[in-house]
Amino acid sequence: MRIAVTGASGLVGRWLHRAALGAGHEVLTLPGWRLGDLPGLSGCDALIHAAFHHLPGRYRGGEGDDPQGFLRANLDGSLMLFRAARDQGVGRVLFLSSRAVHDGHPEGMALPDDLPPAPTSLYGEVKARAEAALFKMADAAFLTASLRPTGVYGPGTPQKWAGLIADFLQGQTPTPRVATEVHGADLANAALMVLADPAMAGSYNVSDLVLDRQDLLAEVARLTGCGTVLPGRADASVLRLPLCSRLEALGWRPGGRAFLRREMPAILRDLQGDSAASRG
């Protein structure tokens with residue numbers, strides 16, 4: 001399959017790019033393309049849209065002081081991309097949405113795959129509106145779907161825990177927090193499974209671990225000898241837990257806990273490399 005991937009160098013896109021190549025697909029990364037540009041997708045069988053314009057390190061609140069620019073880039077730009085894909089004969093489009101579409105549902109609620117969105121941020125609203133528009137475009141020759149991942153982690157840069165771990169190693173105890181997470185490789189696996197499904201359609205939750213900062217930083221402390229006081233445990237009962245029934249029916253079996261144990265040394269090395277590069 002010839003797959004175009006937008007945002008292929010980003011936090012999530014790099015995992016999608018790597019997995020698609022590893023599975024033997026031809027991957028087009030659209031060098032020089034930006035949200036709002038018309039892409040050249042002729043000859044592509046599928047598109048995975050992972051590009052997103054936001055302030056560095058921020059998704060919710062990523063519009064900063066320019067909400068209209070945020071909407072133009074991410075919503076209008078995505079809709080232009082979807083229409084271009086359809087018009088250029090791309091048969092399948094997979095959109096990287098977010099768990100943020102569910103932020104308005106009650107705390108402690110289980111989130112099935114087909115739950116209607118209830119965003120509370122502009123970020124979540126853009127994702128939900130892009131999903132809805134894409135789904136309306138679907139027909140027998142143009143299959144569409146979205147992934148709604150939780151937080152994405154894994155070695156390499158950019159690294160979602162960079163600031164948290166760096167502050168901890170410098171003696172700062174963070175506030176307690178617990179969240180749902182998924183490894184980038186598991187997310188990429190999910191994407192390829194959905195693209196390969198003849199019945200791909202609608203939304204798919206992508207989530208694996210419930211991870212408390214205390215457990216994460218306890219492993220950092222064990223590996224580094226850091227003596228910073230660990231944060232207290234957070235209340236996991238308030239989490240909105242995504243159910244991943246549709247992916248599980250396709251055979252998706254995430255391995256996040258093993259990934260986390262095995263790859264924490266690599267994550268720490270990546271962060272040390274970033275720190276040395278910034279000093280240089």
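**His105 and its surroundings**

I began with the contacts of His105, counting heavy atoms within 4.5 Å as contact, and found that, leaving aside its neighbours within four places in sequence, His105 touches Leu111, Leu115, Pro116, Pro117, Ala118 and Arg240. This is a predicted model, in which I took local features only at pLDDT of at least 70 and side-chain atom pairs only at pLDDT 80 or more, while totals for chains, interfaces and linings use all residues. Residues are numbered from 1 along each chain as its sequence is written, and side-chain values use heavy atoms, with hydrogens and water left out.

I placed His105 in the loop between strand 4 and strand 5 (110–111), where helices (H or I, at least four residues) and strands (E, at least two) are DSSP runs numbered from the N terminus. Is His105 buried or exposed? His105 counts as buried because its relative accessibility is 13%; the terms mean under 20% relative accessible area for buried, over 50% for exposed and partly exposed in between, with a 1.4 Å probe and protein chains only. I also noted that the side chain of His105 reaches the backbone oxygen of Pro116 at 2.9 Å.

I then traced an open sheet of 6 strands, which has the order 2-1-3-4-6-9 and parallel pairing; two strands pair if DSSP finds at least two bridges between them. Its edge strands, each pairing on one side only, are strand 2 (26–28) and strand 9 (202–206). Neighbouring strands of this sheet are turned by 20 degrees against each other on average, direction ignored, with axes fitted to C-alpha atoms (for helices over the stretch in contact) and angles running from 0 to 180 degrees between N-to-C directions. Helix 3 (residues 122–137) packs on this sheet and touches strand 4 (92–96), strand 6 (143–149) and strand 9, its direction making about 160 degrees with that of strand 6. Strand 1 (residues 2–6) runs parallel to strand 2 and is joined to it by 3 bridges, and I looked up Ala4, whose bridge partner in strand 2 is Leu28.

I next followed an open sheet of 3 strands in the order 7-8-10, where the pairing is mixed. Strand 7 (151–153) and strand 10 (209–212) are the edge strands, each pairing on one side only, and neighbouring strands here are turned by 50 degrees against each other on average, direction ignored. Strand 8 (residues 178–183) runs antiparallel to strand 10, with 4 bridges between them, and Glu181 stands opposite Leu209 in strand 10. Helix 5 (residues 184–196) packs on this sheet, touching strand 7 and strand 8, and its direction makes about 60 degrees with that of strand 8. I listed the buried residues of helix 5, among them Leu187, Ala191 and Leu195.

**Aromatic pairs**

How many aromatic pairs does a search of the whole structure find? I found 4, taking rings of Phe, Tyr and Trp (its six-membered ring) as paired if their centres lie within 6.5 Å, with planes under 30 degrees apart called stacked, over 60 edge-to-face and the rest tilted. Phe52 and Phe70 form an edge-to-face pair, 5.5 Å centre to centre and with 75 degrees between the planes. Phe52 lies in the loop between strand 3 (46–49) and helix 2 (67–87) and Phe70 in helix 2, so this pair ties together parts that are 18 residues apart in sequence. Phe52 and Phe70 are both buried, and together with Tyr123 they form one aromatic cluster.

Notes
Polar contact = N/O pair within 3.5 Å; in protein donor to acceptor, adjacent residues only side chain to side chain.
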